[in-house]
Amino acid sequence: ADLRGGHGQAAKNSEADKGTDGGEVEVDEPADLAHEIGTYMGGEWPTRPVRKVQISLEGAPADAETLLDLTGLNPTLLSEMSVQTRELFLEVYFDDMQDLYSAVMETLQPDGRVTWDSVRKYKHLSISLGFKAVSDVCQAGFDDARTDDFDEFPEVAPDHRPGMITYLDVAKFTELTAASVALVKMILDLKGELPPEAEPRIIRVEKKFYYDDI
């Protein structure tokens with residue numbers, strides 16, 4: 001299901017991207033701009049996997065303050081981006097979160113455990129933008145006694161341990177993923193602007209030249 005009502009999809013093909021004179025037209029939608037960049041000079045736009053498990057935003061908080069509290073988002077990195085760059089970045093991130101959530105849930109076993117590889121990828125994605133709460137849930141799963149022993153599942157490639165199973169609090173994982181996706185959607189609906197509630201949470205570091213104190 002499209003959580004954004006069909007908006008923000010890079011649906012234009014190469015013909016639709018051209019003006020009546022055959023020249024390029026200005027791209028307004030961030031997802032369309034991402035598509036332009038990705039297919040520049042003959043590049044191929046990657047195909048996303050079919051999500052077998054959809055995340056629902058039903059029940060997720062609707063106000064920014066609650067979402068920021070619940071997700072533990074540190075908005076500092078996002079605040080360093082221009083509004084246009086932030087919107088473009090989040091267009092991709094919005095889909096990435098849903099794709100990797102599905103990838104985790106597709107491996108769910110009756111005893112509540114999932115594959116280590118899928119959770120590790122999700123954890124990398126979530127913490128890369130500062131979504132601390134759901135990242136902590138992933139880490140708690142790695143530390144849980146019900147998770148397989150690392151020594152029995154050697155790493156054959158970076159972050160790839162075939163067959164290793166990890167415990168995961170699926171209910172909490174789903175709740176915090178929904179909240180994180182809802183917060184990203186809120187920023188996208190604001191055309192890349194951060195909600196005012198994010199301002200006090202941004203870490204400001206004074207920029208000084210090394211010789212200022214000389």
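Residues are numbered from 1 along each chain as its sequence is written, and side-chain values use heavy atoms, with hydrogens and water left out. Because the model is predicted, local features need pLDDT of at least 70 and side-chain atom pairs count only at pLDDT 80 or more, while totals for chains, interfaces and linings use all residues.

Two packed helices are described by the angle between their axes and the distance between the axes. In the pair formed by helix 4 (residues 83-105) and helix 7 (residues 170-189), the axes come within 10 Å and cross at roughly 160 degrees; here helices (H or I, at least four residues) and strands (E, at least two) are DSSP runs numbered from the N terminus, and axes are lines fitted to C-alpha atoms, for helices over the stretch in contact, with angles running from 0 to 180 degrees between N-to-C directions. Helix 4 and helix 7 are therefore roughly antiparallel, a term for angles over 145 degrees, as against under 35 for roughly parallel, 65 to 115 for roughly perpendicular and oblique for the rest. Their crossing is left-handed, meaning that the near helix is turned anticlockwise from the far one by less than a right angle.

On the helix 4 side, the residues that meet helix 7 include Arg86, Leu90, Phe94, Met97 and Tyr101, and their counterparts in helix 7 include Phe173, Thr177, Val181, Val184 and Leu188, where contact means heavy atoms within 4.5 Å. By class, the contact of helix 4 with helix 7 has 13 nonpolar, four polar and four charged residues; Ala, Val, Leu, Ile, Met, Phe, Trp, Tyr, Cys and Pro count as nonpolar, Asp, Glu, Lys and Arg as charged, and the others, Gly among them, as polar.

Helix 4 also carries Asp95, which counts as buried because its relative accessibility is 15%; buried means under 20% relative accessible area, exposed over 50% and partly exposed in between, for a 1.4 Å probe and protein chains only. Leaving aside residues up to four places away in sequence, Asp95 touches Arg48 and Arg51, and its side chain makes a polar contact of 3.0 Å with the side chain of Arg51. A polar contact is a pair of N or O atoms within 3.5 Å; within protein, one must be able to donate a hydrogen and the other to accept it, and residues adjacent in sequence count only if both atoms are side-chain atoms.

For helix 5 (residues 116-128) and helix 6, the axes come within 9 Å and cross at roughly 150 degrees, which makes helix 5 roughly antiparallel to helix 6. This crossing is left-handed, and the contact is made by residues including Trp116, Val119 and Tyr122 of helix 5 and Val134, Cys138 and Phe142 of helix 6.

Turning to the loops, Asn74 lies between helix 2 (64-71) and helix 3 (76-79) and is partly exposed because its relative accessibility is 31%. Although Asn74 and Gly130 are 56 residues apart in sequence, their C-alpha atoms are 5.0 Å apart in space, and the side chains of Asn74 and Thr76 are joined by a polar contact of 2.6 Å.

Asp159, in the loop between helix 6 (132-143) and strand 2 (165-167), has a positive phi near 60 degrees in a residue other than glycine. Lys191, in the segment after helix 7, likewise has a positive phi, of about 60 degrees, although it is not a glycine.
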